[in-house]
Amino acid sequence: QVQLVESGGGLVQPGGSLTLSCAASGSIFNINVMGWYRQAPGKQREMVATVTSGGSTNYADSVKGRFTISRDNAKKTVYLQMNALKPEDTAIYYCNSDITRTWPRTTRAYWGQGTQVTVSS
């Protein structure tokens, strides 16, 4: 069984910073793309940032220059450093990873349970 467990959400003032973490565990053979998505109330889930196993990154235009995604392959963990936070960043943030299980050798996307980020004064 494979699990993604997120941590690091919370309440922060506009202009503040937060770091989210997501650790994968279980019977894992390989992790390809890891990423963060978010869903605000009444809106569709959207991609925030992704990072490949080789370190290539992709960001939503709304977070470029403010958020940084990184990963530690040895720890099977992906991070999202969020700076200069705005009220419109308020959402539930979900971790997503394309994971190949050890056995059976299948690959699919897994989601974490989500962590709330609230940006408010």
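**Basis.** I am reading a predicted model, where local features need pLDDT of at least 70, side-chain atom pairs count only at pLDDT 80 or more, and totals for chains, interfaces and linings use all residues. Residues are numbered from 1 along each chain as its sequence is written, and side-chain values use heavy atoms, with hydrogens and water left out.

**Chain.** I found 0 helices and 11 strands (DSSP runs numbered from the N terminus: helices are H or I, at least four residues; strands are E, at least two). Of the 121 residues, 40% count as buried (under 20% relative accessible area, 1.4 Å probe, protein chains only).

**Disulfide.** I searched the whole structure and got 1 disulfide (cysteine sulfur atoms within 2.5 Å). This disulfide joins Cys22 to Cys95, S to S 2.1 Å. Cys22 lies in strand E3 (residues 18–26) and Cys95 in strand E9, 73 residues apart. The link is left-handed, with -80° about the S-S bond, and both cysteines are buried.

**Asn96.** I then went to Asn96, in strand E9 (residues 91–101). Asn96 counts as buried because its relative accessibility is 8%. Beyond its neighbours within four places in sequence, I noted contacts with residues including Leu4, Met34, Tyr37 and Trp111 (heavy atoms within 4.5 Å). From Asn96 to Thr50 I have 8.8 Å, C-alpha to C-alpha, at 46 residues apart in sequence.

Conventions:
Buried < 20%, exposed > 50% of the residue type's maximum accessible area, 1.4 Å probe, protein only.
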